[in-house]
Amino acid sequence: MEAKTQAKFRKILLDEKQRLLSNSRSAIQTELSLSQDDLPDETDLAASEVNQNLVFKLRDRERQLLIKIDQALARMDEGTFGTCESCEEAIEVRRLEARPVSTLCVACKEKQEHQEKVYA
């Protein structure tokens, strides 16, 4: 992969990482700061718990994406970014533009998804 293209993806990944970290910081301050005294009845408390569970799920997805971003940055440092982990062919740039943390080319990803359906 060309150095210019790789630099573009590095910037995209670092920007996304920064955005996720900023969201997490603001979420800690705003979304998780309710006390039970702010909720007058059990219905409000239940709704708040459902909301907090959703927030936790979203934050967990963001945490997993942060791990994938760090792994993609490590692959850049190793010189393997943009190479399919399965067939070792180049991952299409359009796929990386859509999902820069991709580790599989489209064909290998489709095979993986098919196997998951068969063995699920």
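How exposed is Arg 19, in terms of relative accessible area? I looked this up and recorded Arg 19 as partly exposed, with a relative accessible area of 41%. The classes I used are buried for under 20% relative accessible area, exposed for over 50%, and partly exposed in between, with a 1.4 Å probe and protein chains only.

**Basis of the entries**

I note that this is a predicted model, in which local features need pLDDT of at least 70 and side-chain atom pairs count only at pLDDT 80 or more, while totals for chains, interfaces and linings use all residues. Residues are numbered from 1 along each chain as its sequence is written, and side-chain values use heavy atoms, with hydrogens and water left out.

**Helix α2**

I took helices as DSSP runs of H or I with at least four residues, and strands as runs of E with at least two, numbered from the N terminus. The 37 residues of α2 should span 54 Å, and the end C-alpha atoms are 54 Å apart, which agrees.

At the start of α2, I found a side-chain oxygen of Asp 41 within 3.2 Å of the backbone nitrogen of Thr 43. Just after α2, Gly 79 has a positive phi of about 85 degrees. I listed the buried residues of α2 as Ser 48, Val 55, Glu 62, Leu 66, Ile 69, Ala 72, Leu 73, Arg 75 and Met 76.

**Nonpolar core**

I defined a nonpolar core as a set of buried Ala, Val, Leu, Ile, Met, Phe, Trp, Tyr and Cys residues joined through side-chain atoms within 4.5 Å. The largest such core has 16 residues, and those with the most contacts inside it are Leu 13, Ile 69, Met 76, Phe 81 and Cys 84. Two or more residues come from each of α1 (3–30) and α2. The most come from α2, which gives 5 residues.

I then followed Leu 13, taking contact as heavy atoms within 4.5 Å. Neighbours within four places in sequence aside, Leu 13 is in contact with Ile 69, Ala 72, Leu 73, Met 76, Phe 81, Pro 100 and Val 101.

**Salt bridges**

I counted a salt bridge where a side-chain nitrogen of Lys or Arg lies within 4 Å of a carboxyl oxygen of Asp or Glu. The count comes to 7 salt bridges.

Which parts does the pair of Asp 77 and Arg 10 tie together? Asp 77 lies in helix α2 and Arg 10 in helix α1, so the pair ties together parts that are 67 residues apart in sequence. The closest N and O atoms of this salt bridge are 3.1 Å apart. Asp 77 is exposed, at a relative accessible area of 60%, whereas Arg 10 is partly exposed, at 28%.

I returned to Arg 19 and found a salt bridge with Glu 16, 2.6 Å from N to O. Both residues lie in helix α1, 3 residues apart, about one turn of the helix. Glu 16 is partly exposed, with a relative accessible area of 25%.

Is Glu 62 buried or exposed? Glu 62 counts as buried because its relative accessibility is 15%. In helix α2, Glu 62 and Arg 59 are 3 residues apart and so separated by about one helical turn. They form a salt bridge, with the closest N and O atoms 2.7 Å apart. Leaving aside neighbours within four places in sequence, I found Glu 62 in contact with Leu 20, Asn 23 and Ser 24.

**Cysteines**

I looked for disulfides, meaning pairs of cysteine sulfur atoms within 2.5 Å, and the structure holds 0. Cys 84 is in no disulfide, and the nearest cysteine sulfur, that of Cys 108, is 3.6 Å away. The sulfur of Cys 105 is also 3.6 Å from its closest cysteine sulfur, in Cys 108, too far for a bond. I recorded Cys 84 as buried at 2% relative accessibility and Cys 105 as buried at 6%.

**Glu 88**

Most residues other than glycine have a negative phi. I noted that Glu 88, a residue other than glycine, has a positive phi, near 65 degrees. Glu 88 is placed in the loop between α2 (42–78) and α3 (93–98). At 63% relative accessibility, Glu 88 counts as exposed.

Note on methods:
Expected span 1.5 Å × (residues − 1). Polar contact = N/O pair within 3.5 Å; in protein donor to acceptor, adjacent residues only side chain to side chain.
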